[in-house]
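I set down here what I looked up in this structure, entry by entry.

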There are 2 protein chains.
Amino acid sequence: MPLQTLPDDLDISHIRSSCATCSLRELCLPVGLNEEEIQILGNLASHKRKIPRGGYLHHAGSNFQSLFAIRSGFFKTCILEQDGRQQVTGFHMTGELLGLDAISGEMHTCDAVALEDSEVCEIPFAKLEEISRTIPSLMHHFHKIMSREIVRDHGVMLLLGSMKAEERLATFLLNLSRRLVMRGYSEYNFNLRMTREEIGSYLGLKLETVSRAFSKLQDENIITIDNKQVQINDIGRLKMKMGNSACLR
Amino acid sequence: MPLQTLPDDLDISHIRSSCATCSLRELCLPVGLNEEEIQILGNLASHKRKIPRGGYLHHAGSNFQSLFAIRSGFFKTCILEQDGRQQVTGFHMTGELLGLDAISGEMHTCDAVALEDSEVCEIPFAKLEEISRTIPSLMHHFHKIMSREIVRDHGVMLLLGSMKAEERLATFLLNLSRRLVMRGYSEYNFNLRMTREEIGSYLGLKLETVSRAFSKLQDENIITIDNKQVQINDIGRLKMKMGNSACLR
DNA sequence: TGCCTTGATTGATCTGAGTCAAAGCTATTA
DNA sequence: TAATAGCTTTGACTCAGATCAATCAAGGCA
């Protein structure tokens with residue numbers, strides 16, 4: 001998909017700067033946005049918000065108005081079933097985008113809850129659309145980012161159906177690891193922000209099964225786990241555990 | 001998300017007409033494309049292709065060049081694992097769009113195989129992008145269609161993880177039914193184009209379990225199933241079988 | 001027509017994960 | 001610092017679904 005170039009006479013002086021380029025740079029560069037486009041996007045994200053641990057960024061059913069770039073912190077997205085139990089649909093870390101769940105409609109389809117004190121940049125979607133009228137490539141790129149994130153999750157979930165508990169957990173850990181290293185964090189040593197129950201909900205397992213699977217991986221010296229602190233000792237064997245599920249990239 | 005309007009002086013005389021509006025109309029109207037835009041899209045789909053039963057529309061790893069609107073027929077998409085077994089990732093019927101798997105990259109991530117003699121309209125993506133330069137709303141709408149289809153699948157798959165066999169099958173049947181009725185087919189009476197094994201692969205079940213679940217639903221008089229022919233006798237109770245999984249719309 | 005392949009059904013057995021329960025650990029708050 | 005509520009781990013038991021296996025039905029072809 002070839003890139004469109006920006007018009008030379010582009011006037012962006014009317015856009016107020018405030019949040020600088022946020023964490024959007026890492027997000028946008030691989031997709032092919034140039035510096036100027038990132039700058040515009042960053043400037044768009046004019047509104048900064050702090051969300052305390054346990055706080056909600058958006059609710060299921062609420063009007064879709066903004067996308068959110070996570071500056072710092074960690075979120076889960078979840079839906080509330082009729083019976084009151086909640087199903088975790090995803091985890092979202094610093095540098096990633098939130099609000100995509102509403103992209104095909106007018107409402108958010110899930111809640112977004114902070115799992116630690118977090119900070120986000122709000123990107124008003126109306127403004128994004130307005131500017132896209134001048135710079136069509138912007139929306140194009142944005143859609144590309146979005147479908148990439150959606151497809152990434154989709155790919156993982158698809159395969160869970162036929163996986164055993166240990167394979168699911170290995171897949172989950174490697175997915176986290178890969179995303180962390182992309183953001184400049186350690187690949188082998190990280191902190192789980194979510195509980196065993198939340199992991200279980202996401203993976204379609206019970207919390208006890210998650211715990212047992214962690215213990216088993218530790219017994220085999222593949223990982224070391226101390227409460228929420230994970231260390232991957234043998235990433236090769238961890239990848240083996242994933243099974244022959246291709247296409248997790 | 002408000003619509004953009006088409007420029008009044010739009011010149012589309014250079015676009016050759018051939019495939020008329022295909023089956024795209026039903027696809028596009030709900031998303032908000034106007035008649036003129038649909039016309040353009042339809043004209044874009046210049047190349048018509050017949051795919052015989054068992055034939056491939058695209059392969060995993062092949063270059064992404066076109067989207068395909070299914071004029072008639074039925075497809076499965078699947079990925080080949082390292083061990084040679086295949087994982088079905090989706091089913092696609094008349095009036096739906098194929099090729100979305102490649103939307104975030106340059107390559108197709110799965111194979112698309114016809115489950116019966118089929119006919120598709122090819123929509124060259126390069127042309128789509130070219131025209132989008134004149135009519136930015138077009139690409140916007142298209143992305144919206146795409147994310148809607150992806151999100152729809154995603155939502156279903158997410159919940160499979162925690163479902164029992166019978167719930168999965170009920171969900172599957174109701175999903176098929178809903179899509180068929182949208183295309184003007186019977187809601188309660190349809191033909192499965194795929195085998196028990198393919199259903200199982202898609203749902204994360206073994207073919208025997210699929211067969212048993214069908215039998216059980218028949219014993220309870222909820223459906224009648226004769227080989228590939230399905231009749232839904234009691235859609236209310238079938239929906240009950242889905243369990244309390246919200247958000248399947 | 002009968003052979004052969006492919007897909008569907010059904011039964012018997014086994015195993016992985018859910019369920020229930022108890023006890024240990026951590027973090028938060030008074 | 002103690003009290004308490006929320007996580008985590010581990011064990012014992014149960015059951016849904018995988019596995020193995022046999023049989024049956026339908027369609028293609030010599």
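The entries below follow the order of those topics.

**Conventions.** I worked on a predicted model, in which local features need pLDDT of at least 70 and side-chain atom pairs count only at pLDDT 80 or more, while totals for chains, interfaces and linings use all residues. Residues are numbered from 1 along each chain as its sequence is written, chains are lettered from A and ligands numbered from 1 in the order in which they are written, and side-chain values use heavy atoms, with hydrogens and water left out.

**Entry 1: helices 5 and 7 of chain A.** I looked up how helix 5 (residues 165-182) and helix 7 (residues 207-219) of chain A pack: their axes come within 9 Å and cross at roughly 75 degrees. Helices here are DSSP runs of H or I with at least four residues, and strands are runs of E with at least two, numbered from the N terminus. Axes are lines fitted to C-alpha atoms, for helices over the stretch in contact, and angles run from 0 to 180 degrees between N-to-C directions. Helix 5 and helix 7 of chain A are therefore roughly perpendicular to each other. On this scale, angles under 35 degrees count as roughly parallel, over 145 as roughly antiparallel, 65 to 115 as roughly perpendicular and the rest as oblique.

I then listed the residues in contact (heavy atoms within 4.5 Å). Helix 5 of chain A contributes A:Ala165, A:Glu166, A:Leu169 and A:Leu173, and helix 7 of chain A contributes A:Thr209, A:Val210, A:Ala213, A:Phe214, A:Lys216 and A:Leu217. By class, this contact of helix 5 with helix 7 in chain A has seven nonpolar, one polar and two charged residues. The classes are nonpolar for Ala, Val, Leu, Ile, Met, Phe, Trp, Tyr, Cys and Pro, charged for Asp, Glu, Lys and Arg, and polar for the others, Gly among them.

**Entry 2: helices 5 and 7 of chain B.** I repeated the search in chain B, where helix 5 (residues 165-182) and helix 7 (residues 207-219) pack at an angle of about 75 degrees with their axes 9 Å apart. In chain B, B:Ala165, B:Glu166, B:Leu169 and B:Leu173 of helix 5 meet B:Thr209, B:Val210, B:Ala213, B:Phe214, B:Lys216 and B:Leu217 of helix 7. The class count for this contact of helix 5 with helix 7 in chain B is seven nonpolar, one polar and two charged residues.

A:Glu166 counts as buried at 16% relative accessibility, and A:Lys216 as partly exposed at 42%. Buried means under 20% relative accessible area, exposed over 50% and partly exposed in between (1.4 Å probe, protein chains only).

In chain B, the side chains of B:Lys216 and B:Glu220 meet in a salt bridge at 3.4 Å, N to O. B:Lys216 is partly exposed at 42%, and B:Glu220 is partly exposed at 25%. In chain A, salt bridges that share partners join A:Glu166, A:Lys216, A:Glu220 and A:Lys241 into one network.

**Entry 3: A:Glu119.** I also noted a salt bridge between A:Arg71 and A:Glu119 (3.4 Å, N to O). A:Arg71 lies in strand 3 (residues 66-72) and A:Glu119 in strand 8 (residues 118-124) of chain A, so the pair ties together parts that are 48 residues apart in sequence. A:Arg71 is partly exposed at 30%, whereas A:Glu119 is buried at 17%. Leaving aside neighbours within four places in sequence, A:Glu119 is in contact with A:Lys48, A:Arg49, A:Lys50, A:Ala69, A:Ile70, A:Arg71 and A:Ser72.

**Entry 4: positive phi.** Most residues other than glycine have a negative phi. A:Asn221 has a positive phi of about 65 degrees and sits in the loop between helix 7 and strand 10 (223-226) of chain A. A:Asn227 has a positive phi of about 60 degrees and lies in the loop between strand 10 and strand 11 (229-232) of chain A. A:Asn227 is exposed, at 58% relative accessible area.

Technical notes. Salt bridge = Lys/Arg side-chain N within 4 Å of Asp/Glu carboxyl O.
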